[in-house]
Amino acid sequence: MSTDLHTLSGAYAVNALSADEARLFDTHLEGCQACRDEVRELQDAAARMGASESVAPPAALRARILAAADREAQLPPRVTSISAAPSRRWTSRLVAAAAAVVLVLTGGFVALQSQGDDSNVVAATVSQVFKASDARTRTVPTDRGRLVVAISPTLGQVAVRTNGLQPLTGRRVYQMWTIHSGTSTSQGVVENLAAGKVMALPSEGTTVAITIEPDGESVHPTTPPIVTLDPQSV
Amino acid sequence: MSEPGLRLVSAHGGADVDALVGRVARGDASAFEALYDELSSAVFGLARRVVRDPARAEDVTQEVFLEVWRKAARFDSALGKAKTWVMTIAHRRAVDAVRRSESQKRQDTKAAMDDVSHDEPADRVIASEEHGAVRECMETLTDLQLESVRLAYFNGYTYSEVATLLEKPLPTIKTRMRDGLIRLRDCLEGQR
C-alpha cells in the first residue's frame, strides 16, 4: 500500500478526513493489519485526550438517556461467516420475544395496554405484526420508494417493510419518529432495509414519520420527512 | 491533592468498562446505568469541548449512549478497548454535529486559534488523573504537532482545513497529525 495513504492514519484516528477519504482509508484498512493496529493505538491515545476533558453532565440527562434506551431495541451480534449459526444471545432474545407475544395473545393484552408503555413487547418481529389476526396493512408511496405499513392493535405494534425503499448512499440512514403536538421523538433508525422495523403503536393523535439522517441516530429530525402517516388511518 | 469543588476521578479504578459493555450487549439495563455513570463525564466533556453549546452537548451525549446501547453486541473486545470504542463514537458524533452547524464551523480563524491556546473551560468540575497525564504528554509535542492535533480533535476541522488555517502544506499537516498522536501514544504508554 502506498506510504502516502498510510500516513492518513493520524487524521483518520481523529476523524479529520473528508467522507470520501475516510471511505478510501476504510478500504485500505481492510487489507492492512499493521494499519489497523496503528489506528487502534492512535484512537486509544485520542480517547485519553478526550477523556481528560471530563465535565459532569446535568443530573437530569441520566434519567432521559436511560428512559430512551429502555424504548430502544438492540442490534443482534453481527453474524460472521465463521459462526453462521445465530449466537446464543440472539436466540434467547428471540425466545423472550416469542414469550412476550404469547403473553399478549393469551390475555395479558389488557394489562399491558393499561400500562401505556409496551416497551417490553417491542421485540415482536415485523412478520409477526404483518401476520397478526387483526393486522391492517397499507402501501404508502414515497419519493424514496414504496413503504408497506402494518398495524396490529392487539400486539400494540406498528411494523414497516422498508425493502421497497432506496438504499442510501454515504453515511445516511432512515430514522423513524413519532410526532405529537409538534414534538418529535426518535423511534430509532432502520438498521436493515431488508428487515424493516417494528415500534410500539402510538396513541391517537400521534403521527409516525421517517426522515433521512446522518449515520447513527439524530435526537431531532434534521431533514423534512419522506413520509408521515397517521396510524389510525391505516 | 483534591481542590475544593473538584472531584478526583481515577483513570483506572471503577467498573471494568469492557465487562460492562459485554453485559450491556446482553440487554442488561443495570450494566448500562453503570456504564453511563462510568463514562458520561468523559463523553459529555468531550462533546462539550467540541460542540461548545451545552444543550447540544447533551443531545450528542444522548446519541452516543443510545448508539452504545444499540450496538453493544457488535463491539468486539478483540479489536480494541471498550472505552476507546465509546470515546471514538462520542468524538465522531460531536464532530458530525459541529460540521453540520456551518455557523459554528465558520467562526473566524482568530477565534479558532484563541480557542486552541486557551482550552480551559471555565466550568470544569472534574479533575482527573488522566487530565494531568495527558497534559504532561501533550507538552512533549512540537507546536505544530500540538496545534494540528488540537484543531482536528477539539475543533472538528478536517486536516485540509487545518492546513488552510495554519497556512501549511497538506502533506505537512497530515504527517504532523500522525507524528503528534504517535508521540502522545508513546508518552502515555510510558506513564503506565
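Reader: What does the pLDDT do over residues 116-123 of chain B, and how many contacts beyond four places in sequence does the model have for this stretch?

Author: The pLDDT stays under 50 over residues 116-123 of chain B, and the model has eight contacts beyond four places in sequence for them. Here pLDDT is the predictor's confidence in each residue, on a scale from 0 to 100, and two residues are in contact if their C-beta atoms, placed from the backbone, lie within 7 Å. The structure is a predicted model, in which local features need a pLDDT of at least 70 and side-chain atom pairs count only at pLDDT 80 or more, while totals for chains, interfaces and linings use all residues. Residues are numbered from 1 along each chain as its sequence is written, and chains are lettered from A and ligands numbered from 1 in the order in which they are written.

Reader: Where in chain B is confidence lowest, and where is it highest?

Author: The lowest mean in chain B, 45, belongs to strand 1 (residues 7-9), whereas helix 8 (residues 143-153) has the highest, 97. Over residues 1-14 of chain B the pLDDT is below 50, although this stretch has 16 contacts in the model beyond near neighbours in sequence. For chain B overall the mean pLDDT is 84, and 77% of its residues reach 70 or more. The model itself scores ipTM 0.85 and pTM 0.60.

Reader: Why is B:T140 called partly exposed?

Author: A residue is buried if 20 or more other C-beta atoms, placed from the backbone, lie within 10 Å of its own, exposed if 12 or fewer do, and partly exposed in between. B:T140 has 14 C-beta neighbours inside 10 Å, so it counts as partly exposed. B:T140 is found in the loop between helix 7 (129-138) and helix 8 of chain B, and its contacts outside four places in sequence are B:R183 and B:C187.

Reader: What makes helix 8 of chain B mostly covered?

Author: Eight of the 11 residues in helix 8 of chain B are buried, among them B:Q145, B:E147, B:L151 and B:A152. In chain B as a whole, 44% of the 192 residues count as buried.

Reader: What makes a group of residues a nonpolar core, and which residues have the most contacts inside the largest one?

Author: A nonpolar core is a set of buried Ala, Val, Leu, Ile, Met, Phe, Trp, Tyr and Cys residues joined through C-beta atoms within 7 Å. The largest core has 69 residues, and B:A47, B:A94 and B:A152 have the most contacts inside it. Its largest share, 11 residues, comes from helix 2 (residues 29-51) of chain B. Beyond four places in sequence, B:A94 is in contact with B:L46, B:A47, B:V50, B:V51 and B:V60.

Reader: Why are strand 1 and strand 6 of chain A said to stand at the edges?

Author: Two strands pair if DSSP finds at least two bridges between them. An open sheet of four strands in chain A has the order 1-2-3-6, with antiparallel pairing. Strand 1 (136-142) and strand 6 (197-200) each have a single partner strand, so one side of each is left without a neighbour in the sheet. Within this sheet, five bridges join strand 2 (residues 145-152) of chain A to strand 3 (residues 157-161) of chain A, where A:A150 has A:A159 as its bridge partner.

Reader: How many bridges join strand 4 to strand 7 of chain A?

Author: Eight bridges join strand 4 (residues 172-180) to strand 7 (residues 207-214) of chain A, and the two strands run antiparallel; with at least two bridges required, they count as a pair. A:Q175 has A:T211 in strand 7 as its bridge partner. These strands belong to an open sheet of four with the order 5-4-7-8.
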